[in-house]
Amino acid sequence: MSSQTGEPGTHPASLGRVTLTGEAADLLRRLTGTHGPLMFHQSGGCCDGSSPMCFPAGEFLTSEADIHLGDLRVDGLEAPIPFWMSVSQYAYWKHTHLTVDVVAGRGSGFSVEAPEGVRFLIRSRLLTDDELEAFGIERPVVAVLPPS
């Protein structure tokens, strides 16, 4: 597995690029009991391919085409759950903080939560100026169009 952690530069341990909701943590504890250690991968595909996919750890092979965005620490689980993202997807999402949530409904058949009748979902917000600076990411340029 690649060990990239996002854009160059270091950041304080208190800052993270990805977190999860309590509902997602509950589901991950149950899924870990069934499947063992887990991992996430966020690809750049369409439809379900744009949802975070959860796999048994090591089942999805990462490469230089992926970035290790961070590790999700879940109370009650010994090992953190790594969260990977394709480099191409990261180019679009690098200015955002991601939160893994879970909602009712069936997602992709490849993700381990599919039989549970729920699916993982990403909620995002723009990084603050302080976070952008800490992560070494330039503030996004926003084009302002003249009134028509």
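This is a predicted model: local features need pLDDT of at least 70, side-chain atom pairs count only at pLDDT 80 or more; totals for chains, interfaces and linings use all residues.
1. Four strands make up an open sheet, arranged in the order β3-β2-β5-β4, and their pairing is mixed. Its edge strands are β3 (53-56) and β4 (66-72), each of which pairs on one side only. From one strand to the next, the twist averages 25°.

2. The pairing of β2 with β5. Strand β2 (residues 38-42) pairs with strand β5 (residues 81-86) in the parallel sense, over three bridges. Within this pairing, phenylalanine 40 stands opposite phenylalanine 83 in β5. Helix α1 (residues 22-35) packs on the sheet, where it touches β2, β3 and β5. The direction of helix α1 makes about 115° with that of β2.

3. The pairing of β4 with β5. These two strands run antiparallel and are joined by six bridges. Although β4 is an edge strand, six of its seven residues are buried, so β4 is largely enclosed by the rest of the structure.

4. The nonpolar core. How many residues does the largest nonpolar core have? The count is 29, and the residues with the most contacts inside this core are Leu28, Phe40, Ile81, Phe83, Val100 and Phe120. Two or more residues are given to the core by each of α1, β2, β4, β5, β6, β7 (118-126) and α3 (129-135). The largest share comes from α1, which supplies five residues.

5. Valine 100. Leaving aside neighbours within four places in sequence, valine 100 is in contact with Phe40, Phe83 and Phe120, among others.

6. The aromatic pair of phenylalanine 40 and phenylalanine 120. A pair of aromatic rings is described by the distance of the centres and the angle of the planes. The structure holds three aromatic pairs. One of them, formed by phenylalanine 40 and phenylalanine 120, is edge-to-face, with 4.9 Å centre to centre and 85° between the planes. Phenylalanine 40 lies in strand β2 and phenylalanine 120 in strand β7, so this pair ties together parts that are 80 residues apart in sequence. Phenylalanine 40 counts as buried because its relative accessibility is 0%, which is under 20%. Phenylalanine 120, at 1% relative accessibility, likewise counts as buried. Phe40, Phe83 and Phe120 form one aromatic cluster.

7. The aromatic pair of phenylalanine 55 and phenylalanine 60. This pair is stacked, at 5.3 Å centre to centre and 20° between the planes. Are its two members buried or partly exposed? Phenylalanine 55 counts as buried at 9% relative accessibility, whereas phenylalanine 60 counts as partly exposed at 27%.

8. Threonine 96. This residue is found in strand β6 (residues 96-104). With a relative accessibility of 12%, threonine 96 counts as buried. Its side chain reaches the backbone oxygen of tryptophan 93 at 2.6 Å. Not counting residues up to four places away in sequence, threonine 96 touches Arg17, Ser124, Arg125, Leu126 and Leu127.

How values were computed
Residues are numbered from 1 along each chain as its sequence is written. Side-chain values use heavy atoms; hydrogens and water are left out. Buried means under 20% relative accessible area, exposed over 50%, partly exposed in between (1.4 Å probe, protein chains only). A polar contact is a pair of N or O atoms within 3.5 Å; within protein, one must be able to donate a hydrogen and the other to accept it, and residues adjacent in sequence count only if both atoms are side-chain atoms. Contact means heavy atoms within 4.5 Å. Two strands pair if DSSP finds at least two bridges between them. Axes are lines fitted to C-alpha atoms, for helices over the stretch in contact, and angles run from 0 to 180 degrees between N-to-C directions. A nonpolar core is a set of buried Ala, Val, Leu, Ile, Met, Phe, Trp, Tyr and Cys residues joined through side-chain atoms within 4.5 Å. Rings of Phe, Tyr and Trp (its six-membered ring) pair if their centres lie within 6.5 Å; planes under 30 degrees apart count as stacked, over 60 as edge-to-face and the rest as tilted.
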